[in-house]
There are 2 protein chains.
Amino acid sequence: MFIESRQNQRVKRWKKLHKKKYRDQEQSFLVEGWHLIEEVLNSDWTPQELIVLEGIEYPTIWERYPIYTVTQAVFDEVSQTESHQGVLAVVSQNESDHKPTYHKLLLIDSVQDPGNLGTIIRSAVAFNIDAVVVGQDSVDLYNDKVVRSTQGALFHLPIIRDELSRWLDYCHNHNIKVYGTALDEQALSLSQVQPSEKYAVIVGNEGSGVSETLLNSADETVYIPIATKSESLNVGVATSIVLYHFSQAT
Amino acid sequence: MFIESRQNQRVKRWKKLHKKKYRDQEQSFLVEGWHLIEEVLNSDWTPQELIVLEGIEYPTIWERYPIYTVTQAVFDEVSQTESHQGVLAVVSQNESDHKPTYHKLLLIDSVQDPGNLGTIIRSAVAFNIDAVVVGQDSVDLYNDKVVRSTQGALFHLPIIRDELSRWLDYCHNHNIKVYGTALDEQALSLSQVQPSEKYAVIVGNEGSGVSETLLNSADETVYIPIATKSESLNVGVATSIVLYHFSQAT
């Protein structure tokens, strides 16, 4: 179908997906660019609609889904990137609510920067985490910058949005040892940690780290030793180092 | 001094610092926000001028430097952030061109994303790198987003902008072992690397990694093992994991 008017109801609906409120309501979100759309198609996530700028050729396999060809003006209206590639998808949110036996979990508490959350999810896939739980104070998982920063990793592991405290209970009930990451040297130095086979790692806010309540519920707290002249690490970096260490040790 | 006109010559000069060409010509750059300015003041970098939005109070210690109070309209013209804090500094570029005896070097080849370059510099300080060399194909070191992502780490170690090949010669002449980071498993797995006491790590472009010429000049190539369903790590993350491992091992 060809759409040339920005006033088209469908265009208005797509544009609304820029906002979290509407993404939650529609249980869907936008995915932009060739690479990310390919990642969706190679996963168990489902594209509802594909949006293509007129004149752009797309693989025939895309024709399994409803395709809308649109004018430059319409595309610009829906796109959220500065230099777009002329392809967009509306994708259904696909959160896991069932709880199979996860053995390696990452719990994310109040990460605010979209790039950081995306990077963390990307590293979680790289280092064999079974599922990621994103707490309710974090930036929205379906924010366009989060999706972009995951580089598609988002589509390759179960992600749950939930109260983290419920998942601490889950861990305790399933004999999964919980490691909180701390910013100070009161904790155990990462290199001294020999993780158990089943583990959960909690990471926290850019400024304040993991909330005290959650840290107190952890079985152990760990920190990454850094130079005294250094204030801290980026949270995406710190998380990735911990996950790397754990993936090596188990 | 109070400045209220956006047409003021000084304002025009400040605004030109948004562009690399002019930053290079003036050998200076803009630094924004309380935290970063404090970091400059606590380092051996020199603020030339401080720019303060009218009504904002600043520490008396700032009066050691020329201070310009400006109107909201002028501040908005010079600021490069969406939600600014009303304080800016013009800082002299402060690259090291002398070569003291560096033992731990990080060589950066064609990193394009400002956030990635900033994060890498932040981790270099955290993991005791003596100096960072930024090759000529990377994003500009004094780009505002790079400066912001370093969180001030930029001011706490020597940074050199130079041809990387010259620094490979430097390493060979100073008995510093050079480790290239590779994207494939042909290389040595990071955990198997027992770094020598003096080392240089080369990291590369987001998409293509370290250029082949540089990799061929490295003494060893290393990679970080990741899950097969994962395509790659963020370059800031990968660099930080390597630097962490090296800092632990030496």
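**Charged pairs in a predicted model**

Across all chains, a search of the whole structure finds 24 salt bridges. In a salt bridge, a side-chain nitrogen of Lys or Arg lies within 4 Å of a carboxyl oxygen of Asp or Glu. Side chains of opposite charge can pair when their charged atoms come close.

This is a predicted model, in which local features need pLDDT of at least 70, side-chain atom pairs count only at pLDDT 80 or more, and totals for chains, interfaces and linings use all residues. Residues are numbered from 1 along each chain as its sequence is written, chains are lettered from A and ligands numbered from 1 in the order in which they are written, and side-chain values use heavy atoms, without hydrogens and water.

Start in chain A. A:Arg161 forms a salt bridge with A:Asp24, with 3.4 Å between the closest N and O atoms. This pair links distant parts of the chain: A:Arg161 sits in strand S8 (residues 159–161), A:Asp24 in helix H2, and 137 residues separate them. Helices (H or I, at least four residues) and strands (E, at least two) are DSSP runs, numbered from the N terminus. A:Arg161 is partly exposed at 24% relative accessibility. A:Asp24 is partly exposed too, at 25%. Buried means under 20% relative accessible area, exposed means over 50%, and partly exposed is in between (1.4 Å probe, protein chains only). Both residues belong to a network of salt bridges that also links A:Lys20, A:Arg23 and A:Asp140.

Now turn to chain B. B:Asp140 and B:Arg23 meet in a salt bridge at 2.7 Å, N to O. B:Asp140 is in the loop between strand S7 (131–134) and helix H6 (144–150), while B:Arg23 is in helix H2 (residues 20–26), 117 residues apart. Are these two residues buried or exposed? Both B:Asp140 and B:Arg23 are buried.

Another bridge in chain B joins B:Glu77 and B:Lys15 at 3.3 Å, N to O. B:Glu77 lies in helix H4 (residues 72–78) and B:Lys15 in helix H1 (residues 9–16), so the pair ties together parts that are 62 residues apart in sequence. B:Glu77 is partly exposed, at 23% relative accessible area. B:Lys15 is partly exposed as well, at 37%.

Look next at B:Ser43. It lies in the loop between helix H3 (34–41) and strand S3 (47–53) of chain B. Its side chain reaches the backbone oxygen of B:Val40 at 2.7 Å. The side chain of B:Ser43 also reaches the backbone nitrogen of B:Trp45, at 3.1 Å.

Finally, find A:Lys19. Its place is the loop between helix H1 (9–16) and helix H2 (20–26) of chain A. A:Lys19 is exposed, with a relative accessible area of 60%.

Terms used:
Polar contact = N/O pair within 3.5 Å; in protein donor to acceptor, adjacent residues only side chain to side chain.
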